Amino acid sequence: MCQVPQLFQDWFATRGWAIHPHQQQMLARADAASLLLIAPTGGGKTLAGFLPTLIDLAQAPHDGMHTLYISPLKALASDIQRNLITPIHEMSLPVTIDARTGDTAQSRRRRQRADPPHIFLTTPESLALLISYEDGAHMFKGLKRVVIDEIHALADSKRGDQLMLALARLQTFCPDLKRVGLSATVEDPATIAQYMARHPDGCDILLADPGPAPDIAMLATDTPPPWSGGGAAYAIAAVMEQVKQHKTTLIFHNTRAQAEIFFHNLWLANDDGLPIGIHHGSLDPAQRRAVEAAMVRGDLRAIVCTGSLDLGIDWGDVDLVIQIGAPKNVKRLVQRIGRANHRYNAPSKALLVPANRFEVVECVAALDAVRAGELDGDPRGPGPRDVLCQHILITACAGPFDAGALYAEMTTAGPYCTLGRAEFDACLDFCATGGYALKAYDRWQRLLQRSDGRWQLRDPRSSQRIRMNIGTIQDSDTLKVRMRRSRGGKPLGEIEEAFAATLTPGDTFLIGGQIVKYEGLRDMTVEVSRDGRKKPKIATFTGTKFATSTQLSARVLDLFTGSDWPDLPAHTAEWLHLQRSFSALPQPGRLLIESFPHEGREQTVIYGFAGRNGMQTLGLLLTKRMEDLGLHPLGFVATDYALLIWGLDQVQNAPALFDLAALHKGLDTWLAGNAVMKRSFRASATIAGLIERNSPQSRKSGRQTTFSSDILYDTLQKYDPDHLMLQITREEALRGLVDFGRIEEMMTRIGGRIDHRHLPHVSPLAAPLFLEMGRVPVKGAAEERLLAEEAGRLMELSGLAQIHPAPAP
Amino acid sequence: MKAHDFTLAGVQLKALNTGALWWPEKHLLCVSDLHLGKSERIARRGGTVLPPYETRDTLTRLAADLALTAAQTVVCLGDSFDDPQAARALRAEESLLITRLQHGRHWIWVEGNHDPGPIDQGGNHQSEIQIAQLSFRHIATAGASGEVSGHFHPKVSVAIGGGRVTRPAFLYDRDRLILPAYGTYTGGLNSTSNVFRQLMQPDACAVMTGRTAIAIPMPRTAR
């Protein structure tokens with residue numbers, strides 16, 4: 001299929017478009033079993049993906065579904081549907097198209113299953129649900145192509161792993177199915193190709209012209225950035241100026257809370273009353289859609305946003321991207337930059353705004369990396385087994401299955417191609433019996449082996465519960481926020497339960513750019529009223545906290561080896577010179593540790609450069625080691641680069657703290673009881689189907705019948721420490737929140753080369769750490785003591801102490 | 001023994017940090033809402049297959065409290081079993097452990113909404129029971145006095161140092177005492193719930209369980 005039919009050529013001509021070379025090539029290679037297109041943002045990727053489908057359908061009638069399109073975003077699916085309807089109508093093509101997401105109405109879902117459209121647009125979760133139905137094979141009968149959009153975003157997550165397992169299923173239904181992946185620029189296309197192809201088949205890679213180099217720089221400001229913090233309030237005036245000079249500016253932030261604060265400050269400085277919007281994942285969907293619509297119409301001059309705008313919806317004419325705060329990750333930075341000048345072959349324009357002095361260094365390192373075209377990324381390792389467990393249950397919902405056949409099918413999925421039969425069997429046993437050392441569920445197995453050897457659900461009703469819990473996205477516990485009104489006011493968005501718990505009536509916080517006052521909690525909804533006067537307490541959306549990538553950290557270390565730094569602003573270069581003359585700068589392949597007294601405490605700073613999650617974990621492990629060694633640590637604070645620990649006694653022998661075996665042991669023993677591990681467990685146990693997020697009867701929260709997943713974790717630790725779910729939790733600890741893998745990487749990198757400096761006072765590089773938020777007290781006896789003190793205070797205050805005299809214990 | 005001492009209807013009582021109630025004068029230990037066999041019941045009804053260790057864990061903790069107090073009378077205040085079938089489905093070694101705990105003791109099963117009707121596990125079965133000045137029943141009744149009950153699984157939250165600690169708790173005022181759930185697989189209902197605001201007097205006290213027993217004024221408003 002090399003030739004573009006006349007009908008299509010004419011249509012392109014009437015629009016004044018030319019077919020891009022990579023779109024032509026996609027057509028030429030439409031028969032490849034797997035094909036991955038790497039194209040920069042704005043390169044007409046989606047059309048490249050659909051052109052072969054449209055031409056095929058225009059030339060030969062097709063019965064049933066022809067092409068399945070998968071996108072990570074619901075919004076993307078409806079956006080694509082809109083964009084495809086134009087050529088379909090204008091060329092009068094005999095093509096039906098429909099989308100299905102979690103929001104699609106029941107009646108339309110039923111119609112889609114009975115009479116599938118030619119082009120079907122959906123998300124990984126909806127696809128997983130569809131293959132769980134008994135009639136899955138019928139719905140996808142005759143399917144020829146599957147197009148996976150933004151596969152680079154999916155390949156980084158469990159959503160992608162789940163999708164690949166679902167594709168393996170589809171490939172069994174339709175052996176000739178062709179796979180097409182569409183990806184933004186990534187560091188290692190071969191990894192994604194291997195990920196998406198049917199294993200062991202290969203996957204062709206098509207690299208589109210990357211387009212002109214971006215026009216990217218650090219934003220010059222009159223005021224130097226502060227020593228610490230992430231708000232970048234110092235740059236408000238300079239950013240406002242840029243907004244005025246451009247048509248539409250996207251202002252990216254790393255966290256939702258920072259986006260809220262920045263938006264608030266920008267609004268205060270918006271003397272001309274320019275239309276500026278805010279967009280992030282905690283806002284009410286209706287509000288988000290309103291902002292998106294205004295943006296498409298070109299009504300907005302700037303949008304303050306987070307990763308919620310990272311993926312490729314066509315947002316109209318953005319001519320400037322501003323990244324506030326260090327980008328943390330070069331690949332994501334490049335993808336964000338690509339959002340400006342969403343036109344093929346036009347350079348993107350972007351500005352970086354470091355939020356503090358250290359981030360100036362990181363921004364310069366990131367700019368170097370972008371110019372050198374060096375992207376970053378950490379290999380993910382084999383697909384996690386919690387997703388595998390869920391897929392086994394999904395398969396069981398569709399009907400009896402043969403374990404050997406299912407195993408063979410799963411190993412054709414890229415992320416699971418190295419899965420061993422024993423590992424698979426452990427997952428199957430977990431799904432069937434729970435997989436406990438104590439065989440307790442002989443009578444009530446979830447899956448039963450039938451006399452013909454195949455497996456099926458014991459209780460057919462459980463398929464409903466399994467379907468209700470499909471998916472791998474973990475929403476943290478959030479509460480809805482709405483205006484207090486007599487009949488339920490306007491929904492504003494969501495805040496985390498943990499944050500809501502710290503609010504007292506009268507407290508103020510920011511949401512959706514407005515200051516609101518906490519009034520109370522009703523039916524698990526936070527009720528607020530408008531309040532323009534007070535300074536807001538900040539909403540702490542934890543959201544995703546990105547850690548600076550291994551490669552970018554290494555670049556920063558490399559930058560420190562220079563004798564001078566002409567690329568850095570003078571204020572930052574001077575700071576580094578000062579550090580070098582007083583102490584030393586951290587160096588590649590070595591670990592710098594500084595110890596000095598400050599504020600009546602012994603301080604120790606470890607420049608580990610292991611990313612914020614890894615450094616946080618290191619803080620937990622080292623303070624425990626120090627407690628054991630009698631050094632009386634009192635607390636610590638971690639950043640992407642450094643860890644500051646304070647305590648009563650001076651650290652004399654720093655290398656003794658850094659024994660990898662001892663750190664490993666700490667991870668297995670005492671860190672096992674840590675809240676971070678429990679959160680990892682909850683996520684995996686939910687995905688694997690041990691914990692149900694949704695059940696037919698129960699309404700979540702507030703009821704005494706539900707109990708915390710921490711209890712399950714503790715029980716397993718106590719009675720079944722080798723259980724599959726604990727194995728998976730330990731595997732998860734190597735990445736994500738615990739990120740022990742980065743600590744191992746650090747230990748390998750430094751190889752025992754530790755420079756421990758004893759200094760008379762705080763060093764220039766360490767000083768900003770004292771201003772960092774997020775100090776962690778060393779727990780243990782401390783919590784019990786604080787609680788007793790608070791109890792005493794409350795009893796005293798209420799007068800109850802006189803009524804109920806507390807006798808001696 | 002880590003406990004908070006208090007009086008109810010003139011009776012000296014100890015709220016143990018483990019969640020059990022100790023009445024020294026009568027050598028009586030009272031526990032509520034054990035929910036033995038919960039994992040079995042959930043699996044039977046087509047739910048998930050939870051770690052099947054909660055019965056063993058609950059009974060092991062109860063054994064420790066019995067050893068600590070040398071109790072002669074034990075009152076299980078209802079919902080001792082997650083349902084009657086769960087009671088029959090206990091593993092042999094779990095049944096045996098109960099029998100061993102009952103040996104030489106006066107053992108009373110008060111019935112709860114989860115386990116109405118007699119249970120074939122030894123001991124004495126009652127819908128409710130009066131002992132001296134105190135009446136033991138599963139669910140609190142409005143207007144009662146000198147009443148000890150369970151059912152609601154009370155818990156309380158306290159804000160300390162920027163965070164929040166939530167623990168199962170006893171709630172008591174001059175008329176009644178509500179015990180926390182003793183079973184391993186049990187959640188809790190916060191003291192700020194309307195249920196407790198209506199049942200408990202304004203000067204009610206909460207005793208948090210945990211490493212020690214800590215008494216605070218019962219938190220009444222969500223914050």
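The contact between the two chains takes 50 residues from chain B and 53 residues from chain A. Keep in mind that this is a predicted model. Together, chain B and chain A bury about 4400 Å², and 64% of that is on carbon and sulfur atoms. Over all chains, the structure holds 43 salt bridges. Here's a quick tour, starting where the chains meet.

**Where chain B meets chain A**

- The rule finds 1 salt bridge across the interface of chain B and chain A.
- That pairing joins Asp57(B) to Lys718(A), with the closest N and O atoms 2.6 Å apart.
- On the side of chain B that touches chain A, the elements giving two or more residues are α1 (38-44), α2 (54-69), β11 (154-160), β12 (163-172), β15 (205-208) and β16 (214-217) of chain B.
- Of these, α1(B) gives the most, with 5 residues.
- Sort the residues on this side of chain B by type and you get 22 nonpolar, 14 polar and 14 charged.

**Salt bridges within the chains**

- In chain B, Asp83(B) forms a salt bridge with Arg41(B), the closest N and O atoms being 3.5 Å apart.
- Asp83(B) sits in the loop between β5 (73-76) and α3 (84-88) of chain B while Arg41(B) is in helix α1 of chain B, so the pair ties together parts that are 42 residues apart in sequence.
- Both partners count as buried: Asp83(B) has 10% relative accessibility, and Arg41(B) has 17%.
- These two also belong to a network of salt bridges that links Glu40(B), Arg41(B), Arg44(B), Asp82(B) and Asp83(B).
- Over in chain A, Glu187(A) forms a salt bridge with Lys331(A), the closest N and O atoms being 3.1 Å apart.
- Here the loop between β6 (178-183) and α10 of chain A supplies Glu187(A) and helix α14 (residues 330-337) of chain A supplies Lys331(A), so the pair ties together parts that are 144 residues apart in sequence.
- Glu187(A) is partly exposed at 34% relative accessibility, whereas Lys331(A) is buried at 11%.
- Another salt bridge in chain A brings together the side chains of Asp628(A) and Lys624(A) at 3.6 Å, N to O.
- Asp628(A) and Lys624(A) are 4 residues apart in helix α23 of chain A, so about one helical turn separates them.
- Asp628(A) is exposed at 55% relative accessibility, while Lys624(A) is partly exposed with a relative accessible area of 26%.

**A closer look at helix α26 of chain A**

- Helix α26 (residues 675-687) of chain A has 13 residues and reaches 18 Å from its first C-alpha to its last, close to the 18 Å expected at 1.5 Å a residue.
- Buried residues in α26(A) include Met677(A), Phe681(A), Ala683(A) and Ile687(A).
- What covers the buried residues of α26(A) includes α9 (158-173), α16 (385-398), α25 (660-668), α27 (709-719) and α28 (724-733) of chain A.
- Just after α26(A), Gly689(A) has a positive phi of about 90°.

**Backbone spots to look up**

- The peptide bond from His199(A) to Pro200(A) is cis, with omega near 5°.
- You'll find Pro200(A) in the loop between α10 (189-196) and β7 (204-207) of chain A.
- Phe609(A) isn't a glycine, yet it has a positive phi of about 50°.
- Phe609(A) lies in the loop between β22 (601-607) and α23 (611-628) of chain A, and it is buried with a relative accessible area of 1%.
- Asp33(B) isn't a glycine either, and it has a positive phi of about 50°.
- The loop between β4 (28-31) and α1 of chain B holds Asp33(B), which is buried with a relative accessible area of 0%.

**A few single residues**

- Asn190(B) lies in strand β14 (residues 189-190) of chain B, and at 19% relative accessibility it counts as buried, the cut-off being under 20%.
- The side chain of Asn190(B) makes a polar contact with the side chain of Ser157(B), at 3.2 Å.
- Arg100(A) is in strand β3 (residues 97-100) of chain A and is buried, with a relative accessible area of 2%.
- Gly752(A), found in the loop between α29 (740-750) and β25 (754-758) of chain A, counts as exposed at 62% relative accessibility.
- Gly752(A) and Arg590(A) are 162 residues apart in sequence and 7.8 Å apart in space, C-alpha to C-alpha.

Note on methods: Residues are numbered from 1 along each chain as its sequence is written. Chains are lettered from A and ligands numbered from 1 in the order in which they are written. This is a predicted model: local features need pLDDT of at least 70, side-chain atom pairs count only at pLDDT 80 or more; totals for chains, interfaces and linings use all residues. Side-chain values use heavy atoms; hydrogens and water are left out. The expected span of a helix is 1.5 Å times one less than its number of residues. Buried means under 20% relative accessible area, exposed over 50%, partly exposed in between (1.4 Å probe, protein chains only). Contact means heavy atoms within 4.5 Å. Buried area is the accessible area (1.4 Å probe) that two parts lose on being put together, summed over both. A salt bridge is a side-chain nitrogen of Lys or Arg within 4 Å of a carboxyl oxygen of Asp or Glu. Ala, Val, Leu, Ile, Met, Phe, Trp, Tyr, Cys and Pro count as nonpolar, Asp, Glu, Lys and Arg as charged, and the others, Gly among them, as polar. A polar contact is a pair of N or O atoms within 3.5 Å; within protein, one must be able to donate a hydrogen and the other to accept it, and residues adjacent in sequence count only if both atoms are side-chain atoms.
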